[in-house]
Amino acid sequence: MSLVKHLLLLTLALPLLSGCLIFGRRTTDQPIDAGAVAQLKAGMSKNEVTGKLGAPHEIIFSNKEHDPLREHAYVYEYKNDAGTALFFFVVNFGNLDSKRDRVVVFFDEAGKVAYVGQSLKGGEASFGFPFGK
Amino acid sequence: MPRKNLEMPPARAPFHRSPLLLILCSAVLLAGCHVDLTRLRSGNPLDVKAFESLEEGKTALGEALERLGAPDKVEWKNGKDYVWYLHEDFMRAGIRFQFPIAIFGYRHEFAEVEGTSDDTNSIALVFNENGLLQQKSLRLSEAYIRLAEDEEEGWAFYLIPQYWYSPYLLGDAGEVDFRDLFKPGHAGGLDLGFMPAPFFMILVGGNYQQYPGDRFTSRGRRVEVEDLKLWQVELGGRLQVPPDFFTKFWNLEEVKMLLYSANVRRHQGPFVYIKWMISGTQNYDVGAKFGGQRAGTYFDKDFRMSDALGAGFEYRIGHFGVHVEALYQNIDAFNEGGADLDTDAGNFQSILFGGGMSFSF
């Protein structure tokens, strides 16, 4: 085998021989539709909220003495986990980055939308090294 | 009859070739050394500036939601809203020492040092019955406090020309040992470094090595061998830390400060590093002569795998750096040549000392 062919084979084989790189992704539920969230307005009813976003993942109840089962807020969530592992001869790196889409819809005493808090960061989960903030 | 005064043989220092054995012991230790780094981050880093902009008695819940987004935890008690923003950061860093040789796939671990940190950074807000901010609080780990909010992130590339001198050759070369077959040699090479994180570098490059041939006597014949010439293409890595890291290793907050920084430009000043390389080696024919007459080859040219492990010291200023290092190199046995000699050799091993410069861009 000529020197050039040897070097080409080595270039292709070395990354396989020198270690191992693993990428993995896990999602929980479905991404939240930003357009649907943008349509939520103060004063909307609970039915209108569930009509746009679907059934909530969690309901926050008030614990008022006279109205303990009042639904105070609806929570919607989607999780996206990106995992990276690098086994590189002497060093082994593992990194898991977990980001979420999360929407919390607050209701007033009359059961109408009072506030909407949204953080749609699920798409920002990234593979990478375990460095950085 | 008087007792003979038995003279004890002169005591030899336990390692009479102490520098070489020390290096070999270090290389063996390093070969079984593993650095493990695991990080789990859940949620988004807290927006401290947005938190500081909230005013007690003035900011309404709706405004807080606009600035900070959806809270990670909500509770409602006695007319008040309690909301939390959470960012979890789990980190485990450790060094394991294993026997470098596996027996039926098992490598015994004989020492491990590790530290684990599980931080939950949080913002907690309380809104009164009127929906106005009544109380706010922030909890951040020390590493997050000390790092700048807008730390520069990015990658860096390095050009690393290097030179080594190899005074020690080890291994059985058949007729004689390698140290009797060749003289101390020289090597020169060039690596390209890719630094995706401040203290870790991936290296790709190559080098050329030459070991002058020596002479020896075999079965009454004066044998002379030609120079050993090698080309290598290599891939490896470098893990580097500031020297004061070793005095701060027990302080987990200092370790986190080191790891949480994504600014590769922090790579300034003195650094201690470990380096490992896996490579392919192409050697040329090594001719042999008996009494000045050509007598075939001692080793035939071929291609084989090799590896190297070592440690060094680097000093960086700006885009320029200099380093010195020691490496232990192991090359799979060369192909036997056709000369009338015992050329059935073991692995070629050498200790290299050298250094070079680096230029970042």
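B:Phe178 and B:Phe182 are both buried, where buried means under 20% relative accessible area, exposed over 50% and partly exposed in between (1.4 Å probe, protein chains only). This is a predicted model, in which local features need pLDDT of at least 70, side-chain atom pairs count only at pLDDT 80 or more, and totals for chains, interfaces and linings use all residues. Residues are numbered from 1 along each chain as its sequence is written, chains are lettered from A and ligands numbered from 1 in the order in which they are written, and side-chain values use heavy atoms, leaving out hydrogens and water.

B:Phe178 and B:Phe182 belong to one aromatic cluster, together with B:Tyr211, B:Tyr298, B:Phe299, B:Phe334 and B:Phe348.

Over all chains the structure holds 19 aromatic pairs. Rings of Phe, Tyr and Trp (its six-membered ring) pair if their centres lie within 6.5 Å; planes under 30 degrees apart count as stacked, over 60 as edge-to-face and the rest as tilted. The ring centres of A:Phe93 and A:Phe129 are 5.9 Å apart and their planes stand at 85°, so this pair is edge-to-face. A:Phe93 lies in strand β4 (residues 91-107) of chain A and A:Phe129 in the segment after β5 (113-120) of chain A, so the pair ties together parts 36 residues apart in sequence. Strands (E, at least two residues) are DSSP runs, numbered from the N terminus. A:Phe93 is buried, at 4% relative accessible area, while A:Phe129 is partly exposed, at 24%. For B:Phe178 and B:Phe182, the centres are 6.4 Å apart and the planes at 15°, so that pair is stacked.

Charges also meet rings. The charged end of A:Arg70 sits over the ring of B:Trp76, 5.4 Å from its centre; this requires CZ of Arg, or NZ of Lys, within 6 Å of the ring centre and within 35 degrees of the ring normal. A:Lys46 lies over the face of A:Phe107, 5.4 Å from the ring centre.

Note on methods. Helix = DSSP H or I, 4+ residues; strand = E, 2+ residues; numbered from the N terminus.
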